[in-house]
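Take each task first, then walk through its solution.

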Amino acid sequence: MFPPKHGFLRPLFLCLIACATVFLLSSCAKPRVFHQSKWLMGTVVEITWIGTSEHPNTIKKAYHAIQAIDALMNPDSPGSDLARLNARAGQGFVTVSPLTCTVIREGLRIWRETGGAFDISLFPLTHLWGFDTKKPHLPPLKAIRATLREVGSEKITCDPAGHRARLERKGMGLDLGGIAKGFAVDRAAGVLHSNGIHDFIVNAGGDLYCGGRHIRRDWRIGIQDPDHPQAIIASLPLHDRAIATSGDYENYFIKDKIRYHHILDPATGFPARGLRSVSVLAKRTMEADALATALFVMGKEKATRWLKRHPAYSAVLVDDALHVFASTSLKGLIKWEKRFKNNVSYF
Ligand code: ADP
Ligand code: MG
């Protein structure tokens, strides 16, 4: 078949050929890796996805979902649910978004399940240490003790039907810094799924969800070396699963050769000791995020015992001596870096 040489049929014919070529090219287009990153919730949020086109609107919506969580749950953002709740501590119920209620209720559940190691009522304490600012510092012991009296998740009420929450005592405050990022990642993952993108990673500063697979293989995720955060101690394949890490290298200061970091033990009011990092694998990023913080606070012995009783989660713990402890379920999956190979015990 040749294009007609003259007349109105010729442009029509050429147009048809062009359309067919575009159609054929797009239907044969090979899947590629796309990537975007934005600074949100105090960290870099990267979205990586596999597809044949960029899906700009879907990616925009996924980032909007994260921004919406930040706007509700950032205590420093005037008018946010958290700012209003903290300002009205001791003055009755405050109306909050159902999303905020979901995170508060999940925070309370994890507080109960971890014997209080994870505690969303820690705001007065993180504020006293200045970990919510750029200038953290060592507070006087007396002030730490006094502030601990304002802490305790038993003094939080969240009414699921009414979407209202209440902090019982004046001086109390909520800090969702150990859980909200994970929830935001799950919300973005939900947007990608419901818009037809199934192979992706949403990574909010190391708290991440891997949907589906990379091209022809699972996604591979590295676990940071707490001493050299640019390097990794190991990598592992992930498929429709979340991983989150809490480490003492994220936000800290050193005074008299002691490292003071932002993961606080609600029992002492001081940074939790014994571990350098905890990575948790879970179905949802919100759970992985909060549990990484909780298990860090528990320390190696309690954390490994807890994990044995909760086989739905797996974890990798690195202690002060850079010894690594990993769930048996990860045996054979994790590829350890040379330096760590002989330094791993499974539990
Ligand atoms: P990152 O935010 O660096 O990923 P985490 O997920 O471990 O690290 O969260 C640490 C944040 O959680 C702190 O900055 C603080 O806001 C809050 N936090 C600190 N200690 C606790 C705790 N014991 N329970 C709940 N939240 C905590
Ligand atoms: Mg966390």
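**Exercise 1.** Work out whether the crossing of helix 2 and helix 7 is left-handed or right-handed, and describe the packing.

*Solution.* Step 1: helix 2 and helix 7 cross in a right-handed way; a crossing is right-handed if the near helix is turned clockwise from the far one by less than a right angle, and left-handed if anticlockwise. Helices here are DSSP runs (H or I, at least four residues), numbered from the N terminus. This is a predicted model, in which local features need pLDDT of at least 70 and side-chain atom pairs 80 or more, while totals for chains, interfaces and linings use all residues. Residues are numbered from 1 along each chain, chains are lettered from A and ligands numbered from 1 as written, and side-chain values use heavy atoms, without hydrogens and water.

Step 1: Axes are lines fitted to C-alpha atoms over the stretch in contact, and angles run from 0 to 180 degrees between N-to-C directions.

Step 2: the contact (heavy atoms within 4.5 Å) includes Ala62, Ala65 and Ile66 of helix 2 and Phe183, Ala184 and Arg187 of helix 7. By class, this contact has twelve nonpolar residues, one polar and two charged.

**Exercise 2.** Find the angle at which the axes of helix 7 and helix 8 cross, then list the residues that meet.

*Solution.* Step 1: the axes of helix 7 and helix 8 (residues 285-309) come within 7 Å and cross at roughly 165 degrees, so helix 7 is roughly antiparallel to helix 8. Their crossing is right-handed.

Step 1: Ala180, Lys181, Gly182, Phe183, Val185 and Asp186 of helix 7 touch Thr285, Met286 and Asp289 of helix 8.

**Exercise 3.** Identify which residues come nearest to ligand 1, and look for side-chain contacts with its oxygen atoms.

*Solution.* Step 1: there are 19 residues around ligand 1 (a heavy atom within 4 Å). Asp119, Asp175, Ser246, Leu264 and Thr293 come nearest.

Step 1: Ser246 has a polar side-chain atom 2.5 Å from an oxygen atom of ligand 1. For the side chain of His262, an N or O atom is 3.1 Å from a ligand oxygen atom. Asp289, part of the contact between helix 7 and helix 8, has a side-chain N or O atom 2.9 Å from an oxygen atom of ligand 1.

Technical notes
Helix = DSSP H or I, 4+ residues; strand = E, 2+ residues; numbered from the N terminus. Nonpolar A, V, L, I, M, F, W, Y, C, P; charged D, E, K, R; others polar. Polar contact = N/O pair within 3.5 Å; in protein donor to acceptor, adjacent residues only side chain to side chain. Parallel < 35°, antiparallel > 145°, perpendicular 65-115°, else oblique.
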